[in-house]
Every structure is written in structure tokens, then in C-alpha cells.
Amino acid sequence: MEHDAKKMGERLHQLCKDLDISAKKLADSVGVSRQTVSQWQKGEMTPNSVMLMRLCSTLRTSPEYIMIGEHRSSQTDIDLELLERVHNTGSDIINFTKLES
């Protein structure tokens, strides 16, 4: 499935609505302006890899869900602690690890 900026924006908007997170609160959490979040939600822009990881951490979802609307089975066990560390450091190097059962 291909990435579609408009659909990605709709998913971001719905996730925020489901979690009762305002655009301003999301913007503050990921370190961008409210206008940037609005542009993402309208499909006018897409987040870079660091912002995508921060969105995943805040919205407790996978990059695949935000970008294409699907959860790959290997991504359903994303290590949220790792995402939180990425969120806090702004690291450009992202490594996913599966949670150990």
C-alpha cells in the first residue's frame, strides 16, 4: 500500500480525536508549531522520520499505521520505551526492537 498524505493526515486527526489530544498539545509534545500539525492533518506536509517517531510515541501507534494505515505484524510489538527515548533525544537514527515476551 502506498503512502497518501491526505489519508495520513486523516489518520493523525482521528488518532488525536480518539485520544482527546488537541493539535496544540500534539505540537507541544513533538516539538513543532500548531500550524505544522495542521498541515500534517490536512495532508499538505508529511513529518520527517524524527517527527514520525515522536508522533508514534505520543499517539502510541506504529509508523506504518500513521503512514499507510496498516500495522505490520512485526510492528505491533513496537518497543514504546525506545520510541520515548527517540522522542526525548530527537535522534535521527532509529532502531526498532521487538518487545520480549
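This is a short chat about a predicted model of one protein chain.

Student: What pattern does the chain follow along the sequence?
Tutor: It reads α-α-α-α-α-α. The protein chain has six helices and zero strands.

Student: What is the mean pLDDT of the chain?
Tutor: The mean is 78, and 66% of the residues reach 70 or more.

Student: Which helix has the lowest mean pLDDT, and which the highest?
Tutor: Helix α6, residues 80-89, is lowest with a mean of 57. Helix α3, residues 34-42, is highest at 96.

Student: And where is the pLDDT below 50?
Tutor: Residues 73-78 are below 50, and that stretch has 15 contacts in the model beyond near neighbours in sequence. Residues 91-101 are also below 50, with 21 such contacts. Where pLDDT is low, the predicted coordinates should not be read in detail.

Student: New topic. Is helix α4 mostly covered or mostly uncovered?
Tutor: Mostly covered: ten of the eleven residues in α4, which spans residues 49-59, are buried. Among them are Met51, Leu52, Arg54 and Cys56.

Student: What happens at the start of α4?
Tutor: A side-chain oxygen of asparagine 48 comes to within 3.1 Å of the backbone nitrogen of valine 50. Valine 50 is itself one of the buried residues.

Student: Which residue follows α4?
Tutor: Arginine 60, with a positive phi near 55°.

Student: Back to the whole chain. How much of it counts as buried?
Tutor: 40% of the 101 residues. The chain exposes about 6,100 Å², and carbon and sulfur atoms supply 47% of that.

Student: What share of the contacts with a separation of 6 or more is between residues 24 or more positions apart?
Tutor: 55%.

Notes:
Residues are numbered from 1 along each chain as its sequence is written. This is a predicted model: local features need pLDDT of at least 70, side-chain atom pairs count only at pLDDT 80 or more; totals for chains, interfaces and linings use all residues. Side-chain values use heavy atoms; hydrogens and water are left out. pLDDT is the predictor's confidence in each residue, from 0 to 100. Helices (H or I, at least four residues) and strands (E, at least two) are DSSP runs, numbered from the N terminus. Contact means heavy atoms within 4.5 Å. Buried means under 20% relative accessible area, exposed over 50%, partly exposed in between (1.4 Å probe, protein chains only). A polar contact is a pair of N or O atoms within 3.5 Å; within protein, one must be able to donate a hydrogen and the other to accept it, and residues adjacent in sequence count only if both atoms are side-chain atoms. Accessible areas come from the Shrake-Rupley method with a 1.4 Å probe; for residues, only the protein chains shown count as cover.
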